[in-house]
Amino acid sequence: MKETDVAHNLEQVRLQISAAAGKSGRAADEIQLIAVSKAHDAEKVRIAYEAGQQIFGESRVQEARAKIPLLPSSVRWHFIGRLQKNKVRHALPLFELFHSVDSLELGKNINRIGEEEGLHARILLEVNLAGEGSKIGFVPELLRAQFEQINSLGRLAIEGLMTLPPMAEEAEASRKYFVALRELRGQLEEQFQVKLPQLSMGMSNDFQVAIEEGATMVRIGTAIFGKRTSPQRTPPDILDD
């Protein structure tokens with residue numbers, strides 16, 4: 001992909017975000033674009049950053065640790081992959097938001113290391129709405145049962161929910177899962193008297209539908225950077241695109 005393609009693709013994605021927001025009576029600035037840069041080199045990230053993109057998503061701590069020092073310190077980083085327990089200590093100083101906290105155990109681990117390192121973590125809770133065995137995340141019933149415990153962890157700030165619908169050829173097939181996440185967010189806010197402003201949902205193939213259903217964050221990689229060029233061992237749970 002040529003350098004100019006990244007900037008052009010980024011502009012097209014922004015236009016599509018704006019159109020989807022307008023269709024649902026929302027302002028485009030209500031939606032944060034996370035440009036998924038995993039498996040793309042630092043130069044592509046730099047091009048997107050110089051074209052105005054601020055937030056980038058990585059899903060592998062080792063890759064991020066190598067890439068982040070090559071880029072301006074004002075670039076903002078979100079972690080969007082499955083966070084392994086043995087990588088938490090390395091990840092906490094690098095990322096301003098973790099999209100995929102998928103269990104009480106992981107939350108406790110982040111909290112413990114945060115206490116040891118003097119750090120706080122902003123997080124989203126990942127919800128497995130389809131009940132797919134290959135996917136990580138809380139099933140809604142377990143999240144309701146454990147929410148109070150997670151919310152009591154002093155080093156964590158829960159800012160919302162994230163989901164990944166089952167793979168589908170048509171974007172419309174994802175709509176019911178986006179609706180379900182929005183409704184679950186409302187139920188948790190009412191039951192536990194909390195504010196959960198963020199809904200991270202929607203990727204390259206379905207982000208417009210996600211925005212129509214209330215997404216505040218969309219995770220888009222392929223539509224901006226093209227197909228990934230470096231080989232990856234991708235786990236069954238692909239959290240971003």
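Phe 79 and Phe 98 are both buried (under 20% relative accessible area with a 1.4 Å probe, protein chains only), and Phe 95 is buried as well. The model is predicted, with local features needing pLDDT of at least 70 and side-chain atom pairs counting only at pLDDT 80 or more, while totals for chains, interfaces and linings use all residues. Residues are numbered from 1 along each chain as its sequence is written, and side-chain values use heavy atoms, without hydrogens and water.

Five aromatic pairs are counted, a pair being Phe, Tyr or Trp rings (six-membered ring for Trp) with centres within 6.5 Å; planes under 30 degrees apart are stacked, over 60 edge-to-face and the rest tilted.

| Pair | Geometry | Centre to centre | Between planes |
|---|---|---|---|
| Phe 79 and Phe 95 | edge-to-face | 5.2 Å | 70° |
| Phe 79 and Phe 98 | tilted | 6.1 Å | 45° |

Phe 79 lies in strand S3 and Phe 98 in strand S4, so their pair ties together parts 19 residues apart in sequence. Phe 95, in the loop between helix H4 (88-91) and strand S4 (97-101), is 16 residues from Phe 79. Helices (H or I, at least four residues) and strands (E, at least two) are DSSP runs, numbered from the N terminus. Ring pairs join Phe 79, Phe 95 and Phe 98 into a cluster.

The whole structure contains two cavities of 30 Å³ or more, a cavity being a set of points on a 1 Å grid over the protein atoms alone where a 1.4 Å probe fits but cannot get out.

Key
1 Å grid on protein atoms, 1.4 Å probe; cavity = no way out; pocket = protein on both sides within 12 Å on 5 of 7 lines; lining within 4 Å. Points joined across faces, edges and corners; volume = space filled by probe spheres on them. Buried < 20%, exposed > 50% of the residue type's maximum accessible area, 1.4 Å probe, protein only.
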